[in-house]
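Let's take a walk through this model, helix by helix, with a few stops at individual residues along the way.

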Amino acid sequence: MIALKEILLQATREHWSTGHFNASESDHMRAICEAAKEVGTIVIIGTSEGEAKHLGYDIAVSIRDGLRKEFQIPIFLNADHHKSVEAAKAAIDAGYDSIHIDLSALPFEENVAGVNEVIEYARRKESGISVEGELGYLRGDSKIQKEKIAIKPEDYTDSDKAAEFVKLTGVDRLAIAVGNIHGISLDEPVLDIARPKDVALVLHAGSGIPDEQIKAAIEAGIANIHINTDIRVAFVSELRKTIGEHLDEVAMYKLDASATKAMKEVIIGKLKLFGASNKV
Ligand SMILES: [Zn+2]
């Protein structure tokens with residue numbers, strides 16, 4: 001299977017973006033793969049620390065293996081927003097393909113040191129593991145934001161700092177704060193991208209950003225976009241509707257089938273928007 005690093009470099013060069021979608025159940029992981037297969041692209045399935053604990057690290061890896069066999073497309077499993085070196089190591093031990101070590105809340109030097117510890121550990125285990133670091137402060141969490149979230153100038157990733165961070169760590173990917181926030185915001189976020197070289201840039205919190213800004217971000221060099229809130233909203237609103245309409249139904253797999261389908265449709269739309277069609 002082609003390495004994630006190669007795919008991300010290719011995407012950067014060709015100005016399209018890979019998709020990263022979060023999952024907390026095997027059904028969701030399957031829906032993500034079905035969507036990617038239909039569009040004809042690679043896919044990254046992400047589990048945050050909470051999602052990974054819900055699924056189980058070993059179980060998530062086993063499901064990925066089963067999905068690879070079934071779908072025959074490159075499927076990568078990413079430990080999304082792992083906020084400690086220990087949590088990142090647990091994901092590496094379980095067999096994740098990719099680690100997002102998010103120490104962005106720590107001072108710069110501590111962030112660099114922690115990321116380097118994870119990279120060293122990953123390389124000792126297996127050479128192909130892709131590691132993502134994060135700089136800048138991403139506000140919000142993955143839900144619909146009821147109150148306006150103000151993004152302060154100091155939250156943005158500083159491009160000189162970013163270049164220094166990449167040099168000091170050798171991360172494969174860098175998550176940057178460029179006006180994006182976690183969760184769907186009420187205001188349209190304005191993205192402002194300064195691009196450090198030799199690293200794949202990752203845009204988190206891709207939900208709720210207008211299509212035109214997503215396209216501009218990809219043009220500016222973003223090679224991976226994270227979507228979580230949009231698929232959660234699609235799933236839960238459809239599930240609520242179905243449960244309301246079928247109060248006598250108790251077979252869970254029947255109740256959530258249309259919700260999973262709604263999630264899949266959103267993912268297909270995003271992958272097409274990212275220009276990822278026929279890029280396996
Ligand atoms: Zn994120």
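Which residues of α1 are buried? They are L4, I7, L8, A11 and T12. Looking down the axis of α1, you'd find these buried residues within an arc of 135°, so they line one face of the helix. The general rule behind such a pattern is that an α-helix has 3.6 residues a turn, so residues three or four places apart point the same way.

Before going further, keep in mind that this is a predicted model. The chain runs to 280 residues, and 54% of them count as buried. Its secondary structure comes to eleven helices and ten strands. If you look at contacts with a separation of 6 or more, 71% of them are between residues 24 or more positions apart.

**Either side of α1**

I2 sits in the segment before α1, which spans residues 4-14. I2 has a relative accessibility of 40%, so it counts as partly exposed.

H15 has a positive phi, near 60°, even though it's a residue other than glycine. With 36% relative accessibility, H15 counts as partly exposed.

A205 is another non-glycine residue with a positive phi, this one about 55°. Its place is the loop between β9 (200-203) and α8 (211-219). Is A205 buried or exposed? It counts as buried, because its relative accessibility is 9%, and the cut-off for buried is under 20%.

**Helix pairs**

Two packed helices are described by the angle between their axes and the distance between the axes.

| Helix pair | Axis angle | Axis distance |
|---|---|---|
| α4 (57-71) and α5 (85-94) | roughly 40° | within 9 Å |
| α6 and α7 (159-169) | about 35° | 9 Å |
| α2 (26-39) and α4 | roughly 30° | within 11 Å |

Let's start with α2 and α4, whose axes cross at roughly 30°. Angles under 35 degrees count as roughly parallel, and α2 and α4 are therefore roughly parallel to each other. Their crossing is right-handed. On the α2 side the contact is made by S26, M29, R30, C33, E34 and K37, and on the α4 side by A60, I63, R64, L67, E70 and F71. Sorted by class, that gives six nonpolar residues, one polar and five charged.

α4 also packs against α5, with the axes crossing at roughly 40°. That angle makes α4 oblique to α5. α4 passes α5 in a right-handed crossing. Which residues of α4 and α5 meet? From α4 come Y57, D58 and V61, and from α5 come A87, A91 and A94. By class, five of the residues in this contact are nonpolar, none is polar and one is charged.

One more residue of α4 is worth a stop: D65. Its relative accessibility is 36%, so D65 counts as partly exposed. The C-alpha atoms of D65 and F76 are 9.7 Å apart, and the two residues are eleven apart along the chain.

Now for the inside of α5. Its buried residues are V85, A87, A88, A91, I92 and A94. What covers them? The cover includes α3 (49-55), α4, β3 (75-82), β4 (98-101) and α6 (108-125).

The crossing of α6 and α7 is right-handed. α6 brings F108, N111, V112, V115, N116 and I119 to the contact, and α7 brings K161, E164, F165, L168 and T169. By class, the contact of α6 with α7 has six nonpolar, three polar and two charged residues.

Key:
Residues numbered from 1 in each chain as written. Predicted model: local features only at pLDDT ≥ 70, side-chain atom pairs only at ≥ 80, totals over all residues. Heavy atoms only, no water. Axes fitted to C-alpha atoms, helices over the stretch in contact; angles between N-to-C directions. Helix = DSSP H or I, 4+ residues; strand = E, 2+ residues; numbered from the N terminus. Parallel < 35°, antiparallel > 145°, perpendicular 65-115°, else oblique. Left-handed = near helix turned anticlockwise from the far one by under 90°. Contact = heavy atoms within 4.5 Å. Nonpolar A, V, L, I, M, F, W, Y, C, P; charged D, E, K, R; others polar. Buried < 20%, exposed > 50% of the residue type's maximum accessible area, 1.4 Å probe, protein only. Arc of directions from axis to C-beta.
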